[in-house]
Amino acid sequence: MAQVLRGIALLAVAAAVVACGGGSTTSNAPATPVPSGVIAVEAKEYAFTPSAITVPAGSVTFSIRNVGSQEHEFEIFKGDQVVDEVEGIVPGLTKNATVTLAAGDYTFVCKLNGHDQLGMKGTLTVTEG
């Protein structure tokens, strides 16, 4: 079981590296292609990487990995309305959320303990499919 969990963790790291693209990385994990429609997001004090995401309308899966030292959450908003949320993302954990999005402008934030007020937020642009 431990080997399976390590394998899943390595795939999550590789997915985050591939999805973020460009730049240098200190990970020695092999690059694994991210399935179409999966967006890797890293959460840490007090930012999301990437902080700006553009996706086509339709079903999108977000893979949120906590690389920080505090618990975080990932909430998607359209205006003041919560579209979807993932709570309880403790350090080292990766959680997925699949949501169907219509074209438009959204935001994503971590509202846990005021993290959004410290800069933990981003923009999500959904284009016509």
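In the predicted model, a polar contact of 3.0 Å connects the side chain of histidine 72 with that of histidine 115. A further polar contact, of 2.9 Å, runs from the side chain of histidine 72 to the side chain of glutamate 45. Histidine 72 belongs to strand β5. Its relative accessible area is 0%, so histidine 72 is classed as buried. When neighbours within four places in sequence are set aside, the residues in contact with histidine 72 include Ala43, Lys44, Glu45, Asn66 and Glu87, and also Cys110, Leu112, His115 and Met120.

Strand β5, which covers residues 72-78, pairs with β6 in the antiparallel sense, and 6 bridges are found between the two strands. Within this pairing, lysine 78 has glutamine 81 of β6 as its bridge partner. Both strands are part of an open sheet of 5 strands, in which the order is β3-β9-β8-β5-β6 and the pairing is mixed. The edges of the sheet are formed by β3 and β6 (81-89); each has a single partner strand, so one side of each lacks a neighbour in the sheet. On average, and with direction ignored, neighbouring strands of the sheet are turned by 20° against each other.

Charged side chains were examined next. Side chains of opposite charge can pair when their charged atoms come close. In the whole structure, 2 salt bridges are found. One of them joins the side chains of arginine 65 and glutamate 42, with an N to O distance of 3.5 Å. This pair links distant parts of the chain, since arginine 65 is in strand β4 and glutamate 42 is in strand β1, 23 residues apart. Arginine 65 has a relative accessibility of 21% and is therefore counted as partly exposed. Another salt bridge is formed between aspartate 116 and lysine 111, whose closest N and O atoms are 3.3 Å apart.

Tyrosine 46 is placed in the loop between β1 (38-44) and β2 (47-49). A cis peptide bond is also present from threonine 49 to proline 50, where omega is near 0°. Proline 50 is in the loop that connects β2 and β3 (52-56). Asparagine 113 is not a glycine, yet its phi is positive, at about 55°. This asparagine lies in the loop between β8 (104-109) and β9 (121-127). Its relative accessibility is 67%, and asparagine 113 therefore counts as exposed.

Conventions
Residues are numbered from 1 along each chain as its sequence is written. This is a predicted model: local features need pLDDT of at least 70, side-chain atom pairs count only at pLDDT 80 or more; totals for chains, interfaces and linings use all residues. Side-chain values use heavy atoms; hydrogens and water are left out. Helices (H or I, at least four residues) and strands (E, at least two) are DSSP runs, numbered from the N terminus. Buried means under 20% relative accessible area, exposed over 50%, partly exposed in between (1.4 Å probe, protein chains only). Two strands pair if DSSP finds at least two bridges between them. Axes are lines fitted to C-alpha atoms, for helices over the stretch in contact, and angles run from 0 to 180 degrees between N-to-C directions. A polar contact is a pair of N or O atoms within 3.5 Å; within protein, one must be able to donate a hydrogen and the other to accept it, and residues adjacent in sequence count only if both atoms are side-chain atoms. Contact means heavy atoms within 4.5 Å. A salt bridge is a side-chain nitrogen of Lys or Arg within 4 Å of a carboxyl oxygen of Asp or Glu.
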